[in-house]
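This briefing is intended for a reader who is meeting the structure for the first time. Please examine the sequence and the model below before turning to the notes that follow.

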Amino acid sequence: AFGMSPAFVFETIEKGMGSTLGFLAVVIAIGSMFGEVMKISGGVQNLADTLYRKAGERNIIWALGFIGILVAIPIYIEVCFIMFAPIIYRFAKTGKRSLLYYAVPFLAGVVISYSTIPPAAGAMTGVVGLSADVGMVILFSLAAAVPAMLVGGVLYGGFLGKRIYIEVPKHMDPELKEEMKEEAAVRKHVKKPGFVSVLLVFVLPLLLMIGRAGCDFLLPEGHPARQVMTLIGHPFGALMIVCVLAIYFFGIRGGFTADDLRNVADKALYPAGMIALVAGAGGAFGEILVESGVGDVIARYAQHIGLPVLALAYITAAFIRVAQGSGTVAIVTTSVLMAPVVDAMGAAVSPAMRSLMVTVIGFGAIMASHLNDSSYWITGKYFNMDEVTNLKVWTATTSIISLTGFAVCMVLSLFV
């Protein structure tokens, strides 16, 4: 805030936090409620168990990687880690392998999805910051997510599983055991959702948003189908639809009482406030940097050294991520910083390139999770790793994912 008056500093903080939370708070709240309904109804467990039976022991790590990508689209990253820990424990006991063999592919899918694939909260911060097209961001992110998950999750996870043997914790965390007991009591008299219906509600937001992008491209403005898709294909509309469907079919029709559903909503929204505040703080921080002239300095420096704008975005996101720990803050701050740079370049940056930049920033924000990142400590706690082992596992995994995703994005940039 160098050179800015105190009054303008607070106006800038208000502007940055307001512009970020005006959109993101709704996405986080709806996604949190949807995720809790899917968890408490047994839908998530049924999804994992069915895929385990279908894929078999030999191919389960591939399935876990794709499950990670799928479930983290509407559900916050740390919640996914904790939600699936007991399921992965069971797989490790059944397969009699290192816990890492099963955990790393799933965790890789989760972190990729959260940071790069809308309507996941992390990815949406980049969409908002750069005013990018959600449908194109989804397509670019999916194209880069699969190779990154296979290299950083399946291949590296298989490598780790053979060389580092981690047992399932003999005494699970007391809070986790108590939570599992409470959920089992709630589910005792309810009907468990079917595999196909669970898969459909997870995929539906993506299909709606991609459908909206297709209608915007193929149909003239004012066409009735395009207007309908604009409504239901907006991230708010898509998430609200699947949340209402989950509450009705898996909650009300599944046998939950009104009190049960009220408790589910309360439990889901409790951590959502903190998540939203972290994202809002990142937006305020980014706006301060822009107003203080940092964005202009970055633009001039990039032009001076001839660095491609995508590489600049990636390096900036990776640096902020490693320095302060939060991937969400790295995405918000970098997207706000890069917006004036992209605007200054004018027609040189197409809408497709702007959307690809959101994906690049997401992969940059995955880089080298370490001691200042909450996910580093959660993986260490729930997957039975000390700090040194976790650096070899989680820090290395996120770095491999980040670099692989960036490499794929740079190849994609040759065609947009």
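This is a predicted model: local features need pLDDT of at least 70, side-chain atom pairs count only at pLDDT 80 or more; totals for chains, interfaces and linings use all residues.

Ser131 is found in the loop between helix H5 and helix H6, the latter covering residues 134-163.

**Overall architecture**

- The protein contains 17 helices and 0 strands.
- Its radius of gyration is 21 Å, close to the 22 Å given by the globule rule for 416 residues, so the protein is as compact as a globular protein of that length.
- Along the principal axes, the C-alpha trace spans about 60 × 55 × 45 Å.
- Of the 416 residues, 56% count as buried.
- Among contacts in the protein with a separation of 6 or more, 82% come from residues 24 or more positions apart.
- The accessible surface amounts to about 17700 Å², and carbon and sulfur atoms hold 67% of that area.

- H1 has a kink of about 40°, centred on Leu21.
- Gly42, which has a positive phi near 90°, follows H1.
- Phe34 is one of the residues of H1, and it counts as buried because its relative accessibility is 1%, where the limit for burial is under 20%.
- Not counting residues up to four places away in sequence, Phe34 touches Pro74, Val201, Phe202, Val242, Cys243 and Ala246.
- Phe34 and Ile247 are 213 residues apart in sequence, yet their C-alpha atoms are 7.7 Å apart in space.

**Helix H10**

- Helix H10 has 18 residues, 235-252, and reaches 24 Å from its first C-alpha to its last, close to the 26 Å expected at 1.5 Å a residue.
- The buried residues in H10 include Val242, Cys243 and Ala246, and these three residues are also among those that Phe34 touches.
- Other buried residues of this helix include Pro235, Gly237, Ala238, Leu239, Phe250 and Gly251.
- An α-helix has 3.6 residues a turn, so residues three or four places apart point the same way.

- Thr328 lies in helix H14, which covers residues 327-345, and it counts as buried at 6% relative accessibility.
- The side chains of Thr328 and Tyr114 make a polar contact at 2.7 Å.
- Leaving aside neighbours within four places in sequence, Thr328 is in contact with Tyr76, Tyr114, Thr125 and Ala279.
- Ala279 lies in helix H11, residues 258-291, and with a relative accessibility of 1% it counts as buried.
- With neighbours within four places in sequence left aside, the contacts of Ala279 are Thr20, Leu24, Thr328 and Val332.
- Ala279 and Asp133 are 146 residues apart in sequence and 20 Å apart in space, C-alpha to C-alpha.

**Ser141 in helix H6**

- Ser141 lies in H6, and its relative accessible area of 0% places it among the buried residues.
- A polar atom of the Ser141 side chain lies 2.8 Å from the backbone oxygen of Val137.
- Beyond its neighbours within four places in sequence, Ser141 is in contact with Thr116, Ile117 and Thr359.

**Loops and backbone features**

- A cis peptide bond, with omega of about 5°, joins Pro118 and Pro119.
- Pro119 is placed in the loop between helix H4 (99-116) and helix H5 (121-130).
- Ser131 is not a glycine, but it has a positive phi of about 50°.
- Ser131 is exposed because its relative accessible area is 60%, and exposure requires over 50%.
- Ala368 likewise has a positive phi of about 50° although it is not a glycine.
- Ala368 lies in the loop between helix H15 (351-364) and helix H16 (374-382), and it counts as buried at 14% relative accessibility.

Notes: Residues are numbered from 1 along each chain as its sequence is written. Side-chain values use heavy atoms; hydrogens and water are left out. The bend at a residue is the angle between axes fitted to the seven residues ending there and the seven starting there. Helices (H or I, at least four residues) and strands (E, at least two) are DSSP runs, numbered from the N terminus. The radius of gyration is taken over C-alpha atoms; the globule rule is 2.2 Å times the number of residues to the power 0.38. Buried means under 20% relative accessible area, exposed over 50%, partly exposed in between (1.4 Å probe, protein chains only). Contact means heavy atoms within 4.5 Å. Accessible areas come from the Shrake-Rupley method with a 1.4 Å probe; for residues, only the protein chains shown count as cover. A polar contact is a pair of N or O atoms within 3.5 Å; within protein, one must be able to donate a hydrogen and the other to accept it, and residues adjacent in sequence count only if both atoms are side-chain atoms. The expected span of a helix is 1.5 Å times one less than its number of residues.
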